[in-house]
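Have a look at the picture, then read on.

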Amino acid sequence: MTTVQLSLLPAADAELDLSSYAFIVLSTSAGKDSQAMMDLVVKRARAEGVAERLVAVHANLGRVEWPGTMDLAAEQASCYGLRFEVVRAGGGDLLERVEQRGMWPDAARRWCTSDLKRGPIYTLFTRLAAEWRDGGGTGPCRILSCMGLRAEESPARRKCPVFDFDRRASNGRRHVDTWLPIHSLTTAEVWQVIDRSGVSHHPAYDAGLPRLSCSFCILGSRSALVRAAQLRPDLASEYVRVEIATGHRFRQDLSIADVVAAAKTDVPVRIADWVA
Ligand code: SF4
(Lines give C-alpha, C1' and ligand atoms only; values in the text may rest on other atoms or scores of the structure.)
Protein backbone atom coordinates (compact mmCIF):
# COMPACT_ATOMS: atom_id res chain seq x y z
CA MET A 1 0.00 0.00 0.00
CA THR A 2 1.32 3.44 -0.88
CA THR A 3 1.83 5.87 1.96
CA VAL A 4 0.07 9.19 1.80
CA GLN A 5 2.59 11.96 2.26
CA LEU A 6 2.23 15.67 2.47
CA SER A 7 3.83 15.56 -0.99
CA LEU A 8 0.58 14.05 -2.30
CA LEU A 9 -0.77 17.57 -2.33
CA PRO A 10 -0.74 18.38 -6.06
CA ALA A 11 2.63 19.60 -7.33
CA ALA A 12 1.12 22.87 -8.57
CA ASP A 13 0.05 23.59 -4.99
CA ALA A 14 3.68 23.79 -3.94
CA GLU A 15 3.76 27.23 -5.56
CA LEU A 16 0.91 28.44 -3.38
CA ASP A 17 2.30 31.00 -0.94
CA LEU A 18 0.36 30.45 2.29
CA SER A 19 2.19 33.36 3.92
CA SER A 20 0.49 35.77 1.50
CA TYR A 21 -2.85 35.18 3.27
CA ALA A 22 -4.01 36.80 6.48
CA PHE A 23 -6.31 33.83 7.17
CA ILE A 24 -6.40 30.25 5.94
CA VAL A 25 -9.96 29.04 6.49
CA LEU A 26 -10.68 25.30 6.60
CA SER A 27 -14.34 24.52 5.96
CA THR A 28 -15.19 21.39 7.89
CA SER A 29 -18.32 19.25 7.86
CA ALA A 30 -16.46 16.88 10.23
CA GLY A 31 -16.65 14.40 7.35
CA LYS A 32 -13.75 12.32 6.08
CA ASP A 33 -12.73 14.67 3.28
CA SER A 34 -12.73 17.73 5.56
CA GLN A 35 -10.72 15.72 8.04
CA ALA A 36 -8.03 14.66 5.55
CA MET A 37 -7.90 18.18 4.09
CA MET A 38 -7.43 19.61 7.60
CA ASP A 39 -4.61 17.19 8.37
CA LEU A 40 -2.66 17.98 5.22
CA VAL A 41 -3.16 21.75 5.30
CA VAL A 42 -2.23 21.98 8.98
CA LYS A 43 1.00 20.08 8.30
CA ARG A 44 1.87 22.37 5.44
CA ALA A 45 0.97 25.54 7.37
CA ARG A 46 3.14 24.37 10.26
CA ALA A 47 6.01 23.66 7.88
CA GLU A 48 5.69 27.19 6.51
CA GLY A 49 5.35 28.80 9.94
CA VAL A 50 1.84 30.18 9.36
CA ALA A 51 -0.24 27.79 11.49
CA GLU A 52 -1.56 30.69 13.61
CA ARG A 53 -3.45 31.92 10.53
CA LEU A 54 -5.58 28.78 10.33
CA VAL A 55 -9.27 28.96 11.22
CA ALA A 56 -11.63 25.95 11.07
CA VAL A 57 -15.28 26.72 10.36
CA HIS A 58 -18.29 24.45 10.60
CA ALA A 59 -21.61 25.44 8.98
CA ASN A 60 -24.05 23.91 11.44
CA LEU A 61 -27.14 22.41 9.80
CA GLY A 62 -29.07 21.74 12.98
CA ARG A 63 -31.29 18.65 13.21
CA VAL A 64 -30.68 17.55 9.60
CA GLU A 65 -27.00 16.81 10.12
CA TRP A 66 -25.87 13.59 11.80
CA PRO A 67 -25.99 13.78 15.59
CA GLY A 68 -22.65 14.70 17.14
CA THR A 69 -21.34 16.33 13.97
CA MET A 70 -20.70 19.79 15.41
CA ASP A 71 -19.02 18.41 18.53
CA LEU A 72 -16.84 16.19 16.40
CA ALA A 73 -15.86 19.11 14.14
CA ALA A 74 -14.83 21.00 17.30
CA GLU A 75 -12.90 17.99 18.60
CA GLN A 76 -11.06 17.51 15.30
CA ALA A 77 -10.10 21.21 15.18
CA SER A 78 -8.96 21.01 18.81
CA CYS A 79 -6.73 18.02 18.02
CA TYR A 80 -4.81 20.27 15.64
CA GLY A 81 -4.90 23.27 17.98
CA LEU A 82 -7.05 25.29 15.60
CA ARG A 83 -9.31 28.23 16.24
CA PHE A 84 -12.83 26.88 15.68
CA GLU A 85 -15.84 28.85 14.49
CA VAL A 86 -19.43 27.75 14.01
CA VAL A 87 -21.74 29.59 11.65
CA ARG A 88 -25.42 28.95 11.12
CA ALA A 89 -27.90 30.39 8.66
CA GLY A 90 -30.75 32.47 10.02
CA GLY A 91 -34.23 31.94 8.64
CA GLY A 92 -34.78 28.27 9.46
CA ASP A 93 -33.13 24.94 8.80
CA LEU A 94 -33.39 22.92 5.62
CA LEU A 95 -36.82 21.44 6.38
CA GLU A 96 -38.27 24.78 7.44
CA ARG A 97 -36.98 26.34 4.23
CA VAL A 98 -38.48 23.56 2.12
CA GLU A 99 -41.82 24.25 3.77
CA GLN A 100 -41.48 27.99 3.18
CA ARG A 101 -40.50 27.56 -0.48
CA GLY A 102 -42.82 24.64 -1.18
CA MET A 103 -39.99 22.85 -2.96
CA TRP A 104 -36.94 20.71 -2.34
CA PRO A 105 -33.47 21.56 -3.55
CA ASP A 106 -32.07 19.32 -6.28
CA ALA A 107 -28.81 18.75 -8.11
CA ALA A 108 -29.45 21.70 -10.43
CA ARG A 109 -30.77 24.01 -7.70
CA ARG A 110 -28.62 23.37 -4.68
CA TRP A 111 -29.87 26.34 -2.71
CA CYS A 112 -29.36 24.22 0.40
CA THR A 113 -25.61 24.54 -0.04
CA SER A 114 -25.64 28.24 -0.83
CA ASP A 115 -28.15 29.17 1.89
CA LEU A 116 -26.97 26.87 4.67
CA LYS A 117 -23.24 26.57 4.08
CA ARG A 118 -21.71 29.06 1.68
CA GLY A 119 -23.68 32.11 2.82
CA PRO A 120 -23.01 31.59 6.55
CA ILE A 121 -19.31 30.99 5.85
CA TYR A 122 -19.19 34.34 4.04
CA THR A 123 -20.29 35.95 7.30
CA LEU A 124 -17.14 34.53 8.88
CA PHE A 125 -15.06 36.03 6.05
CA THR A 126 -16.66 39.39 6.88
CA ARG A 127 -15.73 39.03 10.56
CA LEU A 128 -12.19 37.97 9.78
CA ALA A 129 -11.68 40.89 7.42
CA ALA A 130 -12.93 43.25 10.15
CA GLU A 131 -10.54 41.66 12.67
CA TRP A 132 -7.72 42.14 10.24
CA ARG A 133 -8.52 45.82 9.72
CA ASP A 134 -8.86 46.31 13.48
CA GLY A 135 -5.38 44.81 13.77
CA GLY A 136 -3.99 47.44 11.42
CA GLY A 137 -4.37 45.64 8.09
CA THR A 138 -4.91 47.83 5.03
CA GLY A 139 -6.41 47.03 1.64
CA PRO A 140 -8.47 43.89 1.01
CA CYS A 141 -7.88 41.13 3.57
CA ARG A 142 -6.48 38.07 1.80
CA ILE A 143 -8.30 34.86 2.74
CA LEU A 144 -7.53 31.36 1.48
CA SER A 145 -10.66 29.21 1.64
CA CYS A 146 -9.80 25.49 1.79
CA MET A 147 -12.37 22.78 1.08
CA GLY A 148 -12.29 19.00 0.94
CA LEU A 149 -13.90 18.53 -2.50
CA ARG A 150 -12.42 15.68 -4.53
CA ALA A 151 -12.44 14.86 -8.25
CA GLU A 152 -13.49 11.28 -7.57
CA GLU A 153 -16.77 12.39 -5.97
CA SER A 154 -18.61 13.45 -9.12
CA PRO A 155 -18.13 14.63 -12.73
CA ALA A 156 -18.97 18.18 -11.59
CA ARG A 157 -16.34 18.12 -8.87
CA ARG A 158 -13.78 16.68 -11.28
CA LYS A 159 -14.07 19.92 -13.26
CA CYS A 160 -13.51 22.19 -10.25
CA PRO A 161 -10.20 24.07 -10.42
CA VAL A 162 -7.83 23.17 -7.60
CA PHE A 163 -7.02 26.83 -7.08
CA ASP A 164 -9.23 29.74 -8.07
CA PHE A 165 -10.12 33.33 -7.32
CA ASP A 166 -13.52 33.35 -5.59
CA ARG A 167 -15.15 36.37 -7.18
CA ARG A 168 -18.46 35.77 -5.42
CA ALA A 169 -16.89 35.74 -1.96
CA SER A 170 -14.61 38.71 -2.63
CA ASN A 171 -15.41 42.39 -2.36
CA GLY A 172 -13.64 45.67 -1.65
CA ARG A 173 -12.73 44.50 1.85
CA ARG A 174 -11.57 40.96 1.18
CA HIS A 175 -9.89 38.95 -1.54
CA VAL A 176 -10.84 35.29 -1.31
CA ASP A 177 -9.11 32.45 -3.16
CA THR A 178 -10.30 28.85 -2.99
CA TRP A 179 -8.00 25.85 -2.70
CA LEU A 180 -9.01 22.20 -2.98
CA PRO A 181 -5.94 20.54 -1.43
CA ILE A 182 -7.17 16.94 -1.68
CA HIS A 183 -8.85 17.23 -5.08
CA SER A 184 -6.73 14.39 -6.50
CA LEU A 185 -6.87 12.03 -3.51
CA THR A 186 -8.76 8.76 -3.71
CA THR A 187 -11.15 7.61 -1.00
CA ALA A 188 -8.57 5.03 0.13
CA GLU A 189 -5.94 7.75 0.44
CA VAL A 190 -8.32 9.91 2.45
CA TRP A 191 -8.85 7.09 4.94
CA GLN A 192 -5.14 6.48 5.07
CA VAL A 193 -4.55 10.12 6.06
CA ILE A 194 -7.23 9.81 8.76
CA ASP A 195 -5.94 6.50 10.10
CA ARG A 196 -2.44 7.89 10.39
CA SER A 197 -3.67 11.04 12.12
CA GLY A 198 -5.25 9.15 15.02
CA VAL A 199 -8.09 11.73 15.04
CA SER A 200 -11.65 10.39 15.51
CA HIS A 201 -14.01 10.04 12.57
CA HIS A 202 -17.80 10.10 12.67
CA PRO A 203 -19.53 6.79 13.58
CA ALA A 204 -21.93 7.21 10.63
CA TYR A 205 -19.10 5.89 8.45
CA ASP A 206 -18.88 2.75 10.58
CA ALA A 207 -22.63 2.32 10.03
CA GLY A 208 -21.95 2.18 6.29
CA LEU A 209 -22.63 5.74 5.15
CA PRO A 210 -20.16 6.92 2.49
CA ARG A 211 -20.61 10.65 3.25
CA LEU A 212 -21.58 12.85 6.16
CA SER A 213 -23.33 16.27 6.23
CA CYS A 214 -27.14 16.02 5.92
CA SER A 215 -28.39 12.60 6.99
CA PHE A 216 -30.85 12.74 4.10
CA CYS A 217 -28.96 14.40 1.27
CA ILE A 218 -30.79 15.20 -1.94
CA LEU A 219 -27.81 13.69 -3.78
CA GLY A 220 -27.64 10.54 -1.70
CA SER A 221 -28.03 7.09 -3.22
CA ARG A 222 -31.22 5.18 -2.42
CA SER A 223 -29.27 2.66 -0.35
CA ALA A 224 -27.63 5.44 1.69
CA LEU A 225 -31.01 7.08 2.29
CA VAL A 226 -32.52 3.77 3.37
CA ARG A 227 -29.67 3.21 5.80
CA ALA A 228 -30.10 6.76 7.12
CA ALA A 229 -33.82 6.10 7.65
CA GLN A 230 -32.95 2.97 9.64
CA LEU A 231 -30.57 4.97 11.81
CA ARG A 232 -32.75 8.09 12.17
CA PRO A 233 -36.40 7.03 11.92
CA ASP A 234 -37.68 10.14 13.72
CA LEU A 235 -35.98 12.53 11.34
CA ALA A 236 -37.14 10.41 8.40
CA SER A 237 -40.72 10.86 9.65
CA GLU A 238 -40.19 14.63 9.68
CA TYR A 239 -39.08 14.50 6.03
CA VAL A 240 -42.18 12.47 5.16
CA ARG A 241 -44.31 15.07 6.95
CA VAL A 242 -42.71 17.85 4.88
CA GLU A 243 -43.25 15.87 1.67
CA ILE A 244 -46.95 15.66 2.53
CA ALA A 245 -47.16 19.32 3.61
CA THR A 246 -45.54 20.61 0.42
CA GLY A 247 -47.08 18.06 -1.93
CA HIS A 248 -43.60 17.42 -3.39
CA ARG A 249 -41.40 14.37 -3.29
CA PHE A 250 -37.93 14.69 -1.80
CA ARG A 251 -36.54 13.88 -5.22
CA GLN A 252 -38.21 13.34 -8.57
CA ASP A 253 -37.14 9.69 -8.67
CA LEU A 254 -37.60 8.98 -4.97
CA SER A 255 -39.78 9.94 -2.06
CA ILE A 256 -38.72 9.68 1.55
CA ALA A 257 -42.00 7.87 2.19
CA ASP A 258 -40.71 5.09 -0.13
CA VAL A 259 -37.35 5.20 1.62
CA VAL A 260 -39.02 4.78 5.00
CA ALA A 261 -41.05 1.83 3.71
CA ALA A 262 -37.88 0.22 2.35
CA ALA A 263 -36.03 0.89 5.59
CA LYS A 264 -38.46 -1.42 7.39
CA THR A 265 -37.59 -4.37 5.16
CA ASP A 266 -34.31 -3.68 3.36
CA VAL A 267 -31.06 -4.91 4.78
CA PRO A 268 -28.64 -3.15 2.43
CA VAL A 269 -25.46 -5.14 1.98
CA ARG A 270 -23.64 -2.49 0.02
CA ILE A 271 -24.39 1.21 0.30
CA ALA A 272 -23.78 3.07 -2.94
CA ASP A 273 -22.12 6.46 -3.08
CA TRP A 274 -23.94 9.70 -3.96
CA VAL A 275 -25.76 10.03 -7.27
CA ALA A 276 -24.25 13.38 -8.32
S1 SF4 B 1 -25.61 17.60 2.27
FE2 SF4 B 1 -26.97 17.44 0.49
S3 SF4 B 1 -28.98 18.18 1.19
FE4 SF4 B 1 -27.44 18.84 2.71
S5 SF4 B 1 -26.86 20.91 2.10
FE6 SF4 B 1 -25.39 19.51 1.11
S7 SF4 B 1 -26.28 19.03 -0.92
FE8 SF4 B 1 -27.91 19.95 0.32
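## Two helices side by side

Helix α3 (residues 94-101) and helix α9 (residues 233-246) have axes that come within 9 Å and cross at roughly 10°. Axes here are lines fitted to C-alpha atoms, for helices over the stretch in contact, with angles from 0 to 180 degrees between N-to-C directions. That makes α3 roughly parallel to α9, a label for angles under 35 degrees. On the α3 side, the contact uses Leu 95, Val 98 and Glu 99, while α9 brings Glu 238, Val 242, Ala 245 and Thr 246. Contact means that the C-beta atoms of two residues, placed from the backbone, lie within 7 Å. Helices (H or I, at least four residues) and strands (E, at least two) are DSSP runs, numbered from the N terminus.

## Where this comes from

This is a predicted model: local features need pLDDT of at least 70 and side-chain atom pairs count only at pLDDT 80 or more, while totals for chains, interfaces and linings use all residues. Residues are numbered from 1 along each chain as its sequence is written.

## The sheet

Six strands make an open, mixed sheet in the order β3-β2-β1-β4-β6-β5; strands pair if DSSP finds at least two bridges between them. β3 (83-87) and β5 (163-165) sit at the edges with a single partner strand each, so one side of each has no neighbour in the sheet. On average, neighbouring strands are turned by 25° against each other, direction ignored.

Strands β1 (residues 23-27) and β2 (residues 54-59) pair in the parallel sense over four bridges, and Val 25 has Val 55 of β2 as its bridge partner. Helix α1 (residues 32-47) packs on the sheet, touching β1, β2 and β4 (141-146), and its direction makes about 160° with that of β1. Helix α2 (residues 69-79) packs there too, touching β2 and β3, at about 160° to the direction of β3.

The protein splits into domain 1 (17-187) and domain 2 (215-263), with bounds from an automatic or database domain assignment. Their centres, taken over C-alpha atoms, are 27 Å apart. Their contact takes 14 residues from domain 1 and 11 residues from domain 2. Helix α3 gives three residues, the largest share of domain 1's side.

So where does the ligand lie? Both domains give residues to the shell around the ligand, so it lies between them. Among the surrounding residues are Arg 110, Cys 112, Cys 214 and Leu 219, where near means a C-beta atom, placed from the backbone, within 6 Å.

Key
Parallel < 35°, antiparallel > 145°, perpendicular 65-115°, else oblique.
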